[in-house]
Amino acid sequence: MTPTPSGSSPAAADELSASEVIAHLLARMDKPFFTVRELMALLGEQGLLMLCALLTLPFLFPVSIPGVSTVFGLAILLIAVAISVGRLPWMPAFVADRQLDAAKLKPVLQRGVAVLRKMDRWLRPQRMRALTGGAMDNLNGLVIMFAAVLLMLPLSFVPFSNTLPGVAILLLALGTSQRDGLLVLGGYLMTLGTVVYFGALGWAAWKTGAHFLG
């Protein structure tokens, strides 16, 4: 069972679509800086999986928010650990209390709402049910952990190195929270694609180094 923050309601988490959750968050962002801890509190009723989905949004667009991939990646990793073991997440202070500039974050979230509204139309709860619920939620959490590690790799200078694992996490988080197994399957395939892409980058770097050193 997926853990939810204190005071949240599992039923309430199903009442809002993904885009509505982010739109409500934007309406409540009324100060210049926010921390990951505060974002978690604002998203409390929708649960930890929606927070994972939220934290991927900065990686879906060509914008630069310095230090985000490491901090958000670690936050997603810790949340995924909590999901896998059925506990509420612990976060070190440097992650939970990292100050994020609302002026830079809001435009990303606004674009994210537009993307999620399109995805809302395709969400079908209980589709491919074998990929969600019970033990599968634990496995899905493990795959989110792995994708978060890929997101944290110091490859932000490489095109798509943040986007691919970010999309994988988004699909896995939304699919698991909305009980849509097709999205979960898409998340698995995107994670596999990320591994193949990174492997190709590593192979190309090795061949280039061997050429110049040989």
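**Helix packing and burial in a predicted model**

Modeller: The crossing of α2 and α7 is left-handed. The model is predicted, so that local features need pLDDT of at least 70 and side-chain atom pairs count only at pLDDT 80 or more, while totals for chains, interfaces and linings use all residues. Residues are numbered from 1 along each chain as its sequence is written, and side-chain values use heavy atoms, with hydrogens and water left out.

Colleague: What makes a crossing such as that of α2 and α7 left-handed?

Modeller: The term applies if the near helix is turned anticlockwise from the far one by less than a right angle; clockwise would be right-handed. The crossing of α2 and α7 meets the left-handed case.

Colleague: Why are α2 and α7 called roughly antiparallel?

Modeller: Helix α2 (residues 18-28) and helix α7 (residues 102-120) pack at an angle of about 160 degrees, with axes 8 Å apart. Angles under 35 degrees count as roughly parallel, over 145 as roughly antiparallel, 65 to 115 as roughly perpendicular and the rest as oblique. The pair is therefore roughly antiparallel.

Colleague: Which residues of α2 and α7 meet?

Modeller: On α2, Ala18, Ser19, Ile22, Ala23, Leu25 and Leu26 meet Lys106, Leu109, Gln110, Val113, Leu116, Arg117 and Asp120 of α7, contact meaning heavy atoms within 4.5 Å. By class, eight residues of this contact are nonpolar, two polar and three charged. Here Ala, Val, Leu, Ile, Met, Phe, Trp, Tyr, Cys and Pro count as nonpolar, Asp, Glu, Lys and Arg as charged, and the others, Gly among them, as polar.

Colleague: What makes α5 mostly covered?

Modeller: Of the 18 residues in α5, 15 are buried, that is, under 20% relative accessible area, where exposed means over 50% and partly exposed lies in between (1.4 Å probe, protein chains only). In the whole protein, buried residues make up 49% of the 214 residues.

Colleague: How do you know that the span of α5 (residues 68-85) is close to the expected one?

Modeller: The expected span is 1.5 Å times one less than the number of residues. Helix α5 reaches 26 Å from its first C-alpha to its last, against 26 Å expected.

Colleague: Why does methionine 128 count as partly exposed?

Modeller: Its relative accessibility is 38%, and methionine 128 therefore belongs to the partly exposed class. Methionine 128 lies in the loop between α7 and α8 (135-152), and its phi is near 50 degrees, a positive value in a residue other than glycine.

Colleague: Why is arginine 179 placed in the partly exposed class?

Modeller: Arginine 179 has 27% relative accessibility and so counts as partly exposed. Its phi, near 60 degrees, is also positive.

How values were computed:
Axes fitted to C-alpha atoms, helices over the stretch in contact; angles between N-to-C directions. Helix = DSSP H or I, 4+ residues; strand = E, 2+ residues; numbered from the N terminus.
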